[in-house]
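This report concerns the model displayed below. The sections after it treat the chains, selected elements and the contact in turn.

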Amino acid sequence: MSHHHDGGRSTTTATGAVLALVGAPNAGKSSVFNRLTGLRVRTANYPGVTVTHSTGVVGDGPRGVQLVDLPGTYGLTPVSPDEHVVLDHLAGRLPGTRAPDALLVVVDATTLRRSLSLVAQALATALPCAVVLTMTDELDVRGGHLDAAALSQALGVPVYPVVGHRGRGVPALRDGLLDWPTWQAPALLPPVDDRAQLDGWILSVLDRVGYRPAGPPTGSRSLDRVLLHPVWGLVTFAAVMVVFFQAIFTLAAPLQGYVESLFGWLGGLAAADIANPVLADLVSTGLIGGLGGVLVFLPQIVLLFTLLSLLEAVGYLARAAVLMDRVMAISGLDGRAFVSMLSSIACAVPGIMSTRTMPSSRDRIATMLAAPLMPCSARLPVYLLLTGMLVPTTARWGPFGLQGFALFALYMAGGISAMIAASVLRATVLRRGGLPFYLELPPFRMPTLRTLAQSVWTPVRMFLRKVGTIILVANLVLWALLTFPTRTAETATMSPSEASAYTLDHSVAASIGHALEPVYEPLGFDWRINIGLVSAMAAREVFVSTLGQVAAAQDPENPQDVLRTMTFTDGEHVGERVFTAPTIIALLVYFVFAMQCISTLAVMRRESNSWRWPAFSFVSLTLLAWVAAWLARSVALALT
Amino acid sequence: MSETAIDVTSLPPASVPPRRTASLSVLRRGDGARIVGIDAACPAPVMQRLCELGFCADATIECLRRAPLGSPTVYRIGDADLCLRTSLTDYIQVELPA
C-alpha cells in the first residue's frame, strides 16, 4: 500500500498510476508534458537540491494517471548530486514521492543515435516503457529517415510519433498512455553494462529502423555564423540584451507605477470609509498596501519570463551562454548565469527566479547568493537622495558631473562585488558536486504561444502563491512595528506630517532604532536612520519616505532639505549634524552591500527550498555591509 | 631498394594512416577528426557523461567555431552541436587526418 503526500487537485487520482517522463534536454519533453497535462500542473522541489519536478494529471476518473516531468538528462547513471535525486525518484527512495509505475521516454528523432543510450537505460529498469518520438517533421525536412513501426518492433515497446509543438499525434499518445497496463517490458533487456555491447545494440536498432541521420541544420548554421561571429555576434548580443534590459527596467517601470497608483487609490478609498483611524490605516497601508507590495513585482516577472522563455525556446539563450561564458568563467560560474545577473540589475527577485534555466544546483545557489549585490533599481532612489546630499548637482570633474560619477561608482561596486562573491562561494562552500561546463546548442526553433504561456504562467503562479504570502505577512509586521503603540490622543491637534512623525518616533520601530544605536553608532547612524534601515526591509526605496516621515518633512518623498539640517537628539553628539559627508558615504556603502529586502529573502527561500541560504545571505551580507561602511567612513574621516 | 620506393608511392594514402593523435583542444575551426578515446585522468562520472553525449571512440567530430572571446568551442558530434571548455576537450583524444 503506497501513500503519497500531495496537496491540491491531483489527490483525485491518488489511487491512480504514476508515469514518469524521461528525456534529454531539448528533446521537446516540456512541450509533450504541456500538451498532455494542460495548465493543471504542480511544481515541487526535490529535497536538498534546487532541482524541480512537475506533476500533472492525464485523463479523468479511475483510468486517469499522474504524469511526472523529470529534469532533462542525457543518461540514467547519475553523475552529479542533482541527477542522483532523479534516480532516487525513479527508485522510489524519496520521501513524499512514489516510484513510477511506467516510463515514457521522449526521444528527439534527429539525435536518435545518442538518445538510444538513454532508451536502453530506461528499458534496463525493467519497468513498462513507451517511447515518444519528437521532431520527426524536422528529421524529414533535413533529409533523414526512420520507420517508427520498425522502431517499436526493434525495441519491443510502443512508439508514439508526435509533433509536440503542433499537437499532432498527441491524442494517440494520450490514449496509449492511459492504456499503460498493456505496455510490456521487453523480453530481452539491452546490454547497458558494457559500452561495446551497448554500441552494438544501438547500431542494430538503427539498422532495423532504416535510420538515415538528418543533415546538419543548415538554417541554424547560417544564423550561428552571424550570432556567434566575433564582431556581429557580440553586436547582436548587446542589442538583444539592451532590449531585454529595457523591457524589465524601463517598460516595467510605468506598469509598476500603475499598480502602485491603483493600490494607493484603493487604499485611500478604503481608509475614507473606515472611521477608526488605526483600522483604516491597517486596511489601507497594511493590507491593501501590502498586497500592492506583492503585485508590484508582477510586471517585471511577467516581462522577464516572457522574454526569457522566448529566448530559451528559440534557442538563443544557449548562444548567449556561449558568448558570455568566458566572462562568467572569471566568477567561477558559466555563461548561463549571465542573464540572471543582468536581470538582477532591475530587481533581484526576478533575477533569482530566472536561475531556473540553470541545470546545476551549485551554480544556481552561487548565482542566487550573488544576485542581491547587483545594483537593483530599488537602490536608485536611495543613491539619488544621498549622492544629492553629498555632491552638489553642479559639481564637475572634467566633462563629467560628479553626481553621475558617484552613481557610476556605486553601480560598479555592486556589479564587481557580485562577481567576487560568486567566485568566493564557488571556491569555498559550493566547491563540490558539479560537472564541468558543457552545453548543447539546439537548432533554432519556433516556439508556440501555448508553450510560452505555460512557461510564463508557472513562475508567476509560484511567485503569487508561495512568495507573495511571505511578502504580505512581512509587510504587515513592518506596518505594525511602524504604527504601534497608537498615539491618537497625543496627535489629535497636530498637522498630518507632525502627527505621523510623532507616531513613528514613539513606535515599536523607534524602540528598535534606539536598541540598534550601539550597533550603528560606529557608522555615525542615529536612531532615526536605524528606523529607516528597518523599514527598508520592505523595499530599499522605502528608506527615503520613512526618513522623510521621521523628519516630519512636508513632502516625505523629497526630504533632502530637512535631512541636511537634522541633528542628533541625544547622546554625546547632541546638536551636531547627522548627515555629515563621512556618514553619508558610510550609508551609501552600507546600501551597496546590505541584504535589506524581505522579498529577495522570500524568493530565495522558495527557489532554494530552504531557509538556510537566505539566512546565510542575510547574515553574511549585513556583516559585509557594516565592515565596508565602517572602513569607508574611517577613510573619509581621515581625509576630511 | 628501388622496389620498396615504388611500393610506397603506389599505395593509396589511406592504407598508411598517419597515426597522429592529440587532444581535441588542438582542433582549429573547420577541422574534422576521429575520437580514439578519453584520457584516463578524466574522472569516471565525467567520462560517463562525455560518452552519453556521443564522445565515444570511433565517433567523428568537427570543430565548428570558437566563441568570440576565445572560449568555449562549438563542435559537431554525432547529430548535435555541443560546446565545451578546454578543461573537457583536453581529456578527449582524437586522431587527426593527414
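The following sections describe a predicted model.

## Overall architecture

Chain A contains 27 helices and ten strands. Its C-alpha trace extends over about 90 × 60 × 40 Å along the principal axes. A compact globule of 640 residues would have a radius of gyration near 26 Å, and the 29 Å of chain A agrees with that expectation. Buried residues account for 47% of the 640 residues of chain A. When contacts in chain A between residues at least 6 apart in sequence are considered, 71% of them join residues at least 24 apart.

Chain B has three helices and six strands, arranged along the sequence in the pattern α-β-β-α-β-β-β-α-β. Of its 98 residues, 38% count as buried. For contacts in chain B between residues at least 6 apart in sequence, the share joining residues at least 24 apart is 61%.

In soluble globular proteins, nonpolar side chains tend to be buried together. The largest nonpolar core in this model comprises 204 residues, and A:Val105 and A:Val132 have the most contacts inside it. Helix H25 of chain A, residues 581-593, provides the largest share of this core, with ten residues.

Leaving aside residues up to four places away in sequence, A:Val105 touches A:Val22, A:Gly23, A:Leu118, A:Val119, A:Ala122, A:Cys129, A:Val131 and A:Val132.

Strand S4 of chain A, residues 65-69, is mostly covered, with five of its five residues buried. A:Val65, A:Leu67 and A:Asp69 point one way from S4(A), while A:Gln66 and A:Val68 point the other way. Both sets are buried, the charged A:Asp69 being among them.

S4(A) pairs with two strands described here. Strand S1 of chain A (residues 18-23) runs parallel to S4(A) and is joined to it by four bridges; in this pairing A:Leu19 stands opposite A:Leu67. Strand S3 of chain A (residues 52-58) pairs with S4(A) in the antiparallel sense over five bridges, and A:Val58 stands opposite A:Val65. S3(A) and S4(A) form a hairpin with six residues between them, and A:Gly59 in the turn has a positive phi of about 75°.

## Helix H15 of chain A

Helix H15 of chain A spans residues 361-370, and ten of its ten residues are buried, so the helix is largely enclosed by the rest of the structure. The buried residues include A:Arg362, A:Asp363 and A:Arg364, as well as A:Ile365, A:Met368 and A:Leu369.

These buried residues pack against six helices of chain A: H2 (81-90), H13 (338-346), H14 (348-353), H17 (402-427), H26 (598-608) and H27 (612-639).

## Contact between the chains

The contact involves 30 residues from chain A and 28 residues from chain B. On the side of chain B that touches chain A, at least two residues each come from helix H2 (44-52), strand S4 (73-77), strand S5 (80-84) and helix H3 (86-89) of chain B. H2(B) gives the largest share of that side, six residues.

Methods
Residues numbered from 1 in each chain as written. Chains lettered and ligands numbered in written order. Predicted model: local features only at pLDDT ≥ 70, side-chain atom pairs only at ≥ 80, totals over all residues. Contact = placed C-beta atoms within 7 Å. Buried ≥ 20, exposed ≤ 12 C-beta atoms within 10 Å, placed from the backbone. Core = buried A, V, L, I, M, F, W, Y, C linked by C-beta atoms within 7 Å. Rg over C-alpha atoms; globule rule 2.2 N^0.38 Å. Pairing = 2+ DSSP bridges.
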